[in-house]
Amino acid sequence: MTILPPEPDLNALRLKLARLRSEHGWSYDELAARSGLARRTVIEIEQGRTVGSLKTWHALAHALGTPLDDLFGTLCEGHDLPGSPDG
């Protein structure tokens, strides 16, 4: 029997990105410049039109001074984590 994991909360991830960008007081242009990404990429990720690659999220995390695991931890909010007594 295969047990599939719960769906990742991509909405929480993009909202976390938007909140962090806002806390820094940065525009899309500022985050794009600091991360080395295109403005359009930042907008599309934050607005949920694309997910982005691991390399893209790595660049965003570095630009925001946020650990990557802190960003990606939002994907599992409300889920039992693998290896937990309930998971």
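A: **The nonpolar core**

In the largest nonpolar core, which has 19 residues, the members that touch the most other members are L17, L31, V42, W57, L60, L64 and L71. A nonpolar core here is a set of buried Ala, Val, Leu, Ile, Met, Phe, Trp, Tyr and Cys residues joined through side-chain atoms within 4.5 Å, where buried means under 20% relative accessible area, exposed over 50% and partly exposed in between, with a 1.4 Å probe and protein chains only. Helices α1, α2, α3 and α4 each supply at least two residues of this core, and the largest share, 6 residues, comes from α4.

The model is predicted, so local features need pLDDT of at least 70 and side-chain atom pairs count only at pLDDT 80 or more, while totals for chains, interfaces and linings use all residues. Residues are numbered from 1 along each chain as its sequence is written, and side-chain values use heavy atoms, with hydrogens and water left out.

Of its 87 residues, 31% count as buried.

W57, one of the core residues named above, touches L13, L17, I45, V51, G52, L68, L71 and F72, when residues up to four places away in sequence are not counted; contact means heavy atoms within 4.5 Å. Across the protein chain, residues 24 or more positions apart account for 53% of the contacts with a separation of 6 or more.

Helix α3, residues 39-46, has V42, I43, I45 and E46 buried. These four lie on the same side of α3, because they cover an arc of only 165 degrees around the axis, the arc being that of the directions from the helix axis to the C-beta atoms. Their cover includes α1 (10-24), α2 (28-35) and α4 (54-64). Just after α3, G48 takes a positive phi of about 80 degrees.

Helix α1 also holds K16, a residue that is buried with a relative accessible area of 13%. Apart from neighbours within four places in sequence, K16 is in contact with D70, L71 and T74, and L71 is itself among the core residues that touch the most other members.
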